[in-house]
Amino acid sequence: MRQGERALVKKIVRIGLSVIISLSFFLYVTFKIDWRLFATQLRDINYGFLLAGVASYFLNYVLRAFRLKILVSSADIPFRDLLSINFLHNFYNRILPARLGDFSLIYLLNQFTREKVNAGVRIFLFVKFYDLLMALVLLAFSYTMIYGLDFMGTGIWLVSIFVLLPCIFPSFVLQIPIRLIARFEKWKFLKKIRSELVQWLAETKKLETIRIRACLLGSSFGIWALIVVLFYLLMLSIGGTYGIKDTLFATTLANFSWVLPINGVGGFGTMEISMAYAFSLRGHEFGQVLLSALYINVVVFMTTILFAIVPYIKLLGKGRSRNETHHPNSVSE
């Protein structure tokens, strides 16, 4: 079997497992939930808290667009395009299984900003490292507030510091593989990789000013803080009273389920169970949290779709205009 065929088989197996596992979780949630109680909660929604939650979700996208503005090399990219990229990226993340939507960021950067694929990969990695860093920091902070600085809490803080290194000193981290590969440059493919890494090194050095580091850290922290605010407000909208400390700990812990390559469409099933489990660690009733988690996931899923409608139409329009421009029968004026 050729390498390309093996990669295709692995991809199919990964998607298949993702669908089976996420479907199993979803069926579990379906049979576990008291649907009458769920319908009662929906009738008693506090729309003030619901709208405030949606507003915080929109601000989350604004901060993501601001962070992307820092990372994208082209200074003349309209902010609305960067906002559109984030709307669509999260939309694809939601509808595609097995975390395949993650890589849509690279494609969208190429379509909207004309960033080359290698530059898109570099930006993608920066975004992922900063997201992982903030998720770990919030988890470490909330864990320490609740349980104190025990062995587990110290371990989470140490991992956070380790992840901080490629965020704050990316050029230093990149120099390690560059020097290692230099010893084996007789292989052409390694020489090509080293050349690419050297180019990345030059680009990342531009991001190592105090101002840019502060902006990236601040915007990334704001993004993850707003996720917690979103969950807290949506819980309040259906009368959930779980406390801000427990919400910070449980939602941050539950968000790590999105890292796993087993998510199905919308994260339905995996997200609800992970959140219910995280809250149950704090003594909350599993079934009740399951109801709240399903409601939150439905609201976030529908809002994600609504936010993506206009950017998706815009992207389709760009695709058509490019096809017409490059069509062999088109006539230039």
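## Overall architecture

A residue counts as buried when its relative accessible area is under 20%, and by that criterion 45% of the 333 residues of the protein chain are buried. The model is predicted, and the descriptions that follow should be read with that in mind. The secondary structure of the protein chain consists of 13 helices and 0 strands, so that the order of elements along the sequence reads α-α-α-α-α-α-α-α-α-α-α-α-α.

Among the contacts in the protein chain with a separation of 6 or more, 73% are accounted for by residues 24 or more positions apart. The number of disulfides in the structure is 0. As for individual cysteines, C167 is buried, with a relative accessible area of 3%, whereas C215 counts as partly exposed at 23% relative accessibility.

## Helix 3 and its two partners

Two packed helices are described by the angle between their axes and the distance between the axes. Helix 3, which spans residues 47-71, packs with helix 10, residues 210-237, at an angle of about 165°, and the two axes lie 8 Å apart. Angles over 145 degrees count as roughly antiparallel, and helix 3 and helix 10 are therefore roughly antiparallel to each other. Helix 3 passes helix 10 in a left-handed crossing, and the contact of helix 3 with helix 10 comprises 20 nonpolar, 7 polar and 2 charged residues.

Helix 3 also meets helix 6, residues 117-147; their axes come within 11 Å and cross at roughly 135°, which makes helix 3 and helix 6 oblique to each other. In this case helix 3 passes helix 6 in a right-handed crossing. The residues that make the contact are R64, R67, L68 and L71 on helix 3, together with R122, I123, F126, V127, Y130 and D131 on helix 6. Sorted by class, the contact of helix 3 with helix 6 has 6 nonpolar, no polar and 4 charged residues.

Helix 5 covers residues 104-113, and because 8 of its 10 residues are buried, helix 5 is largely enclosed by the rest of the structure. The buried residues of helix 5 are S104, L105, I106, L108, L109, Q111, F112 and T113. Just after helix 5, R114 takes a positive phi of about 60°.

The axes of helix 4 and helix 5 come within 9 Å and cross at roughly 150°, and helix 4 is therefore roughly antiparallel to helix 5. The crossing of helix 4 and helix 5 is right-handed. From helix 4, the contact is made by D81, L82, S84, I85, L88, H89 and Y92, while helix 5 contributes S104, L105, L108, L109, F112 and T113. By class, the contact of helix 4 with helix 5 holds 8 nonpolar, 4 polar and 1 charged residues.

One of the residues in this contact is S84, which lies in helix 4, residues 79-95. With a relative accessible area of 7%, S84 is buried. When residues up to four places away in sequence are not counted, S84 touches F112 and P311. F112 is itself among the buried residues of helix 5.

F129 is found in helix 6 and counts as partly exposed, at 34% relative accessibility. Leaving aside neighbours within four places in sequence, F129 is in contact with V163, P166 and C167; of these, C167 is the buried cysteine with a relative accessible area of 3%. The C-alpha atoms of F129 and L165, which are 36 residues apart along the chain, are separated by 9.7 Å.

L158 lies in helix 7, residues 151-168, and is exposed, with a relative accessible area of 54%. Between L158 and L136, 22 residues apart along the chain, the separation of the C-alpha atoms is 9.8 Å.

Key. Residues numbered from 1 in each chain as written. Predicted model: local features only at pLDDT ≥ 70, side-chain atom pairs only at ≥ 80, totals over all residues. Heavy atoms only, no water. Axes fitted to C-alpha atoms, helices over the stretch in contact; angles between N-to-C directions. Helix = DSSP H or I, 4+ residues; strand = E, 2+ residues; numbered from the N terminus. Parallel < 35°, antiparallel > 145°, perpendicular 65-115°, else oblique. Left-handed = near helix turned anticlockwise from the far one by under 90°. Nonpolar A, V, L, I, M, F, W, Y, C, P; charged D, E, K, R; others polar. Buried < 20%, exposed > 50% of the residue type's maximum accessible area, 1.4 Å probe, protein only. Contact = heavy atoms within 4.5 Å. Disulfide = S-S within 2.5 Å.
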